[in-house]
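User: I would like to go through this model by question and answer. Please keep it brisk.

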Amino acid sequence: MRYITANIGDNLLIGHDAGRTVVQSMCNCDTNDLDAAVQQCLGLYEAGSQLVRLTTQGLREVESLGKIKTRLRAMGVPVPLVADVHFSSEVAIAAAAVADKVRINPGNFAKDHEVACSQFRRFLEECRRHGTAVRIGINHGSLGSRITELYGNTPKGMQEAMSEWVQMCIDEDFYNVVLSLKASNVPVMTQAYILLQQWMEERGIIFPLHLGVTEAGNGDMGRIKSAAGLATLLSRGIGDTVRVSLTEPPVNEIFPARLIAEFFDTARRPSDYQTGVKDGVPSFELRCGSHEEFIVKASCILGPMLVNKEADDFEIRCIYGDKEADKSEIEQFKSDIMQATRRRITQCEYIACPSCGRTLYDIESTFNEVKRRTSHLRGLTIAVMGCIVNGPGEMADADYGYIGEGRGKVSIYRGREAVVRSVPQEKAIDVLLEIIEKDGRSTDALPRRG
Ligand code: SF4
């Protein structure tokens, strides 16, 4: 088996030779606001982010990224910077000369597959010339019709879409590559990575994998979904770098990401926390310093068992110092992880992007308000997305979507269809609720408090 290690910037390795899981995050400010971007990069680096990604939608942002890098290096901050490019191959090619790594989905380079292939080859040549690493990132919901017509919008489709580009890297003798197949649905995401790992093993070559549950939301559920998904893969030895995507200030992503990475980099394993099995139900006990540590570590232990359907139920206790977590905290965690792993749906499901430089409204407070007013809609999936460019594709299998258009306007989606466009933001949640009501998908229950 040949194991590939990607080399990013002056001294960051991702993959087999790195010997540990790399933690990373992404700025959500405007990349052209140099002061804000430098401050976010610095904050993330100081919190433990080993790699920082920035939205790079155009050539102006490529130039800004270069300036941000220069300013960080002058401050003695060596953290490698990743350009996040979505559609334009010309922007990706320009970014290859500036960034330490460029994240692209080559399938989005052009509608015509042959054109996308030739642009991808040009891009790899430019990366080779500058020693720039590449992340090929394919998300559930952003597959082209060429793939979905053959495989559907499925984990298999995600793996097939990725395999074509990986094979092209091999054919071009370009190996400074990391791969990701993210989804907001935990079982879909884990299955896609497992299929990709199997495909690589069959070919005798293992590329490093970047793991993430995309659009995981915020609060406890965002952390639990991320930890359950990442742990399911890391516990199988799959994955080399992680991002916990939260609809919160980016720095909040680092603590849970480090907990997850360290959980699998150290010798302790879920069995170390198990205290027994009664009537086929395993029980666990943890000692934690905070609620956040509890939900993340407990998800690292229980996520794989639930996703792999090795257990249908569990008992868990958590001790904080000399005090035991109360029953309501444990019950809420049980409900959340059952929902996150899609084993028992008892809540409204949310998809919310972490936001980035493309977000032109206050997504954090909007998402909390949407949750407050829709939490009674058990069984529905509602997406809150930052931008109209990628939001509709990335909300994947949501039933309804609230998608920022910019300039105070919002589009409301039902599935893949925009039902109302350009709603003023102040009225958008009311309009969303009216559509759900008219569709007969509302319930009589009251929204959950808080
Ligand atoms: S959907 Fe959200 S994270 Fe994705 S590009 Fe748009 S604003 Fe950025």
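User: Which residues surround the ligand?

Analyst: This is a predicted model, where local features need pLDDT of at least 70, side-chain atom pairs count only at pLDDT 80 or more, and totals for chains, interfaces and linings use all residues. Residues are numbered from 1 along each chain as its sequence is written. A residue is near a molecule or strand if its C-beta atom, placed from the backbone, lies within 6 Å of it. The ligand is surrounded by Cys353, Pro354, Ser355, Cys356, Arg358, Thr359, Met385, Gly386, Cys387, Asn390, Gly391 and Glu394.

User: How do the residues of the shell around the ligand divide into nonpolar, polar and charged?

Analyst: Ala, Val, Leu, Ile, Met, Phe, Trp, Tyr, Cys and Pro count as nonpolar, Asp, Glu, Lys and Arg as charged, and the others, Gly among them, as polar. On that scheme the shell around the ligand has five nonpolar, five polar and two charged residues.

User: What domains does the assignment give, and how many residues of domain 1 and domain 3 does the contact take?

Analyst: The bounds come from an automatic or database domain assignment. The assignment gives domain 1 (2-210), domain 2 (212-345) and domain 3 (349-438). Two residues are in contact if their C-beta atoms, placed from the backbone, lie within 7 Å. The contact takes 17 residues from domain 1 and 13 residues from domain 3.

User: How do the residues of the side of domain 1 that touches domain 3 divide?

Analyst: The C-alpha centres of domain 1 and domain 3 lie 27 Å apart. On the side of domain 1 that touches domain 3, the residues divide into four nonpolar, eleven polar and two charged.

User: What length does helix H2 reach, and what is expected?

Analyst: Helices (H or I, at least four residues) and strands (E, at least two) are DSSP runs, numbered from the N terminus. The expected span of a helix is 1.5 Å times one less than its number of residues. Helix H2 (residues 59-74) has 16 residues. From first C-alpha to last, H2 reaches 23 Å, close to the expected 22 Å.

User: Is Ala83 buried or exposed?

Analyst: Ala83 lies in strand E7. Its contacts, not counting residues up to four places away in sequence, include Val62 and Leu65. The C-alpha atoms of Ala83 and Val62 are separated by 7.7 Å, though the two are 21 residues apart along the chain. Because Ala83 has 28 C-beta neighbours inside 10 Å, it counts as buried.

User: What is the phi of the glycine just after H7?

Analyst: Helix H7 (residues 186-203) has 18 residues, which should span 26 Å at 1.5 Å a residue. Its end C-alpha atoms are 26 Å apart, so the two agree. Just after H7, Gly204 takes a positive phi of about 75°.

User: Is Glu215 buried or exposed?

Analyst: Glu215 is in the loop between strand E12 (210-211) and helix H8 (219-234). Its phi is positive, about 50°, although Glu215 is not a glycine. With 30 C-beta neighbours inside 10 Å, Glu215 counts as buried.

User: Where is Arg342, and what is its phi?

Analyst: Arg342 is partly exposed, because 15 other C-beta atoms lie within 10 Å. Arg342 is found in the loop between helix H12 (327-340) and strand E18 (349-352). Arg342 is not a glycine, yet its phi is positive, about 60°.

Note on methods
Buried ≥ 20, exposed ≤ 12 C-beta atoms within 10 Å, placed from the backbone.
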